[in-house]
Amino acid sequence: MATIADNLQQIKARLARAQGVTLLAVSKGQSALAVREAAAAGQKAFGENYVQEAVAKMDALRSESPGLEWHLIGPLQSNKTRIVAERFDWVQSVASEKIARRLAEQRPAGAPALCVLLQVNASGEASKSGVAPRDVPALCEKVAALKGLRLRGLMAIPEPGAPPERYREMKRLFDRLKERFGLDTLSMGMSDDMELAIAEGATLVRIGTAIFGARKTPAEKAA
Ligand SMILES: *Cc1c(COP(=O)(O)O)cnc(C)c1O
């Protein structure tokens, strides 16, 4: 059976051919032990969907695997923003000015700016989360002005089997805003659509199953 380290190595080899694509290891539903294994194999950035689950892993790993970078990739409600502002390095799922403002206000003084991506509801996306593409420029404007946050780019979750055009629309939107807001990150692509997303211009892919295997904890059901 392939180990986490084997899987990571294989994915990184594919990414090396693409160049300039960052790998986010999605560890939702996986144990702290699995994260530690990936960290020992050189993986630094981890993505989580659920705040409580993520913070428990951060605490468990703080001393043995220091220097990890944590990204929230799941929907964020306003009653959870404080702990997210305190504990995460990135939030990829910002979808409203209200949430962005709270994160900015609650980011501890002296901490580096919290990196944020705006989650875009790519047209036709089955899930309702995310900002409509036409509203993205205005939200960029607002978020870019907030102290404590650093707007890095856009995130999308095209529905399974989405056509290449869906990815292209995201890339076009990203390119239109890139210069104006100094964006450097277009987050799209998961285990099943990684190749397509990279071919269409993703700069960060979020990979869970292909690294860790099937998720073992109930997080999967909630996802
Ligand atoms: C779970 C999840 C992933 C990883 O999905 P896999 O199919 O396991 O690679 C990526 N992005 C988001 C937003 C997720 O919720």
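The side chains of Thr81 and Gln106 form a polar contact, at a distance of 2.7 Å. This is a feature of a predicted model. Thr81 belongs to helix H4, which spans residues 81–87. Thr81 is buried: its relative accessible area is 0%, and under 20% counts as buried. Leaving aside residues up to four places away in sequence, Thr81 touches Leu76, Ile99, Arg102, Leu103 and Gln106. Gly29 is 52 residues from Thr81 in sequence, and their C-alpha atoms are 21 Å apart in space.

Around the ligand stand Val26, Lys28, Asn49, Ile73, Ile157, Met190, Ser191, Arg206, Ile207, Gly208, Thr209 and Arg215. Sorted by class, this shell has five nonpolar, four polar and three charged residues. Some of these residues place polar atoms by the ligand. For Lys28, a polar side-chain atom lies 2.7 Å from an oxygen atom of the ligand; for Asn49, the distance from a polar side-chain atom to a ligand oxygen atom is 2.8 Å. Arg206 has an N or O atom in its side chain 2.9 Å from a nitrogen atom of the ligand. On its own the ligand has 390 Å² of accessible area, and the protein covers 90% of it.

Notes
Residues are numbered from 1 along each chain as its sequence is written. This is a predicted model: local features need pLDDT of at least 70, side-chain atom pairs count only at pLDDT 80 or more; totals for chains, interfaces and linings use all residues. Side-chain values use heavy atoms; hydrogens and water are left out. A residue is near a molecule or strand if one of its heavy atoms lies within 4 Å of it. A polar contact is a pair of N or O atoms within 3.5 Å; within protein, one must be able to donate a hydrogen and the other to accept it, and residues adjacent in sequence count only if both atoms are side-chain atoms. Accessible areas come from the Shrake-Rupley method with a 1.4 Å probe; for residues, only the protein chains shown count as cover. Ala, Val, Leu, Ile, Met, Phe, Trp, Tyr, Cys and Pro count as nonpolar, Asp, Glu, Lys and Arg as charged, and the others, Gly among them, as polar. Helices (H or I, at least four residues) and strands (E, at least two) are DSSP runs, numbered from the N terminus. Buried means under 20% relative accessible area, exposed over 50%, partly exposed in between (1.4 Å probe, protein chains only). Contact means heavy atoms within 4.5 Å.
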